Amino acid sequence: MKTFAEVIEYLFARLPMFTRDGASAINPDVDKTLLLCQALGNPHQKFKSIHIAGTNGKGSTSHMLASVLAASNLKTGLYTSPHLVDFRERIRIDGEMIPEQLVVDFVNEHRELIEDLKPSFFEVTVAMAFDYFAKEQVDIAVIEVGLGGRLDSTNIIMPELCVITNIGMDHMNILGDTLEQIAGEKAGIIKPNVPVVVSEKQGEIEHVFINKAKEGDSPIFFAEDYYEVHQVEKKQSGLDITVENKETEECITWQLDLSGSYQKKNILGVLKAIDQLRELGYELGEEDIRKGLSEVQESTGLRGRWQTLSTDPWIICDTGHNEDGIKAVVRNLSTLNFNNLHFVIGAMKDKDLSHILPLLPKQATYYFTAPQMPRAMKAAELAELAQSFGLKGEEYASIDAAYEATLKNYQEGDLIFIGGSTFVVAEVLTNHF
């Protein structure tokens, strides 16, 4: 295979993908990841890392921490998933995506191994990232869990620090159908004697993390015990969040270039994680932290988190796709002034939409559609289900058709919102921005 396009087509076509195939694409252990990495010389043991799990907020938290570390002149790897537009978004160093040629070389060099082991798409991607970070000798890498934690392919690392963000109801067919079961899976990233920061204190499940931390003498810190948000001000460029350090009673206003109101939860975990990294000897100065937080999108390439795509017409997208993610979207929408809301929405058929659709605003025109993948719920099925919850709109054969219809119906003073699924946002970004 000579070209990047050929290699990506090979990976997409040949290997099971969760985004396309759902739960059947997941291997229920880390064995194949370990075998892949063993054949590569165990690259995951050759760089320092931070491991981040959670239902919502793990992506934003990963990007914020990576931005701060890079601003502090540390060569910083960042592994995240899924990608929105380009496969290489998953693997970055100091914000720069892995070069296409290295992806081509990796797959060609290890094709026999891949075909012999038959790993999932995600397992190959994780091994590729770890191999790249080791060869490039990063100072530290921020590694975002793909799904869950305990059995996730990324969970073969021995990190410097673990961070767990919000726990919510998502992927219940895989992780369990109670918050406690889901928290147990996320808590699986906690390692013996490795400090863990929990961004959000959720009374009904905090014992899950405390008990798991006790098992391995892992110091545990609930960020809300140390920091408190006093004020959030929306700005053109993002958010100004004023945070009090409860120990020193000092208040600092941090400027974020991310604008979703849910960042007020994520920033507490980020600040406490920075404290722990300082305890571990990392020199992270206040000016570097300021720079990192104010340039997250620019320095890491983060997209799709309450992102304004256009001001005329006014278009916002957000990848929130579970109960807590949609609640955050609705809260954000409630802070905006617009005449009519045009809502492009698609969903995966393995989502429990009975907890999501009732949350959505009834005073909106919905454009029901489906991403181009087998796991997607058909537009007609989504429309029928949504209408039973009082949501009104038309169904469209493709995301492009739905998006074009919003542009036709848009009038000055309206808002177009694109969401419901990461893959809806991805298609619009790929085809139109």
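The model is a predicted one, with local features needing pLDDT of at least 70 and side-chain atom pairs counting only at pLDDT 80 or more, while totals for chains, interfaces and linings use all residues. Residues are numbered from 1 along each chain as its sequence is written, and side-chain values use heavy atoms, with hydrogens and water left out.

Eight strands make up an open, mixed sheet, running in the order β4-β3-β2-β5-β1-β6-β7-β8. Strands (E, at least two residues) and helices (H or I, at least four) are DSSP runs numbered from the N terminus, and two strands pair if DSSP finds at least two bridges between them. At the edges sit β4 (96-97) and β8 (220-222), each with a single partner strand, so one side of each has no neighbour in the sheet. Strands β1 (residues 49-53) and β6 (residues 161-164) run parallel and are joined by four bridges, with H51 opposite C162 in β6.

Helix α4 (residues 58-71) packs on this sheet and touches β1, β2 (76-79), β5 (140-144) and β6, its direction making about 170° with that of β5. Contact here means heavy atoms within 4.5 Å; angles run from 0 to 180 degrees between N-to-C directions, and axes are lines fitted to C-alpha atoms, for helices over the stretch in contact. Helix α7 (residues 121-135) also packs on the sheet, touching β2, β3 (91-93) and β5, at about 15° to the direction of β3.

Elsewhere in the chain numbering, helix α16 (residues 399-409) packs with helix α17 (residues 422-432) at about 75°, their axes 10 Å apart. The two are therefore roughly perpendicular (65 to 115 degrees). On the α16 side the contact involves I399, D400, Y403 and E404, and on the α17 side F423, V424, E427, V428, N431 and H432.

Terms used:
Parallel < 35°, antiparallel > 145°, perpendicular 65-115°, else oblique.
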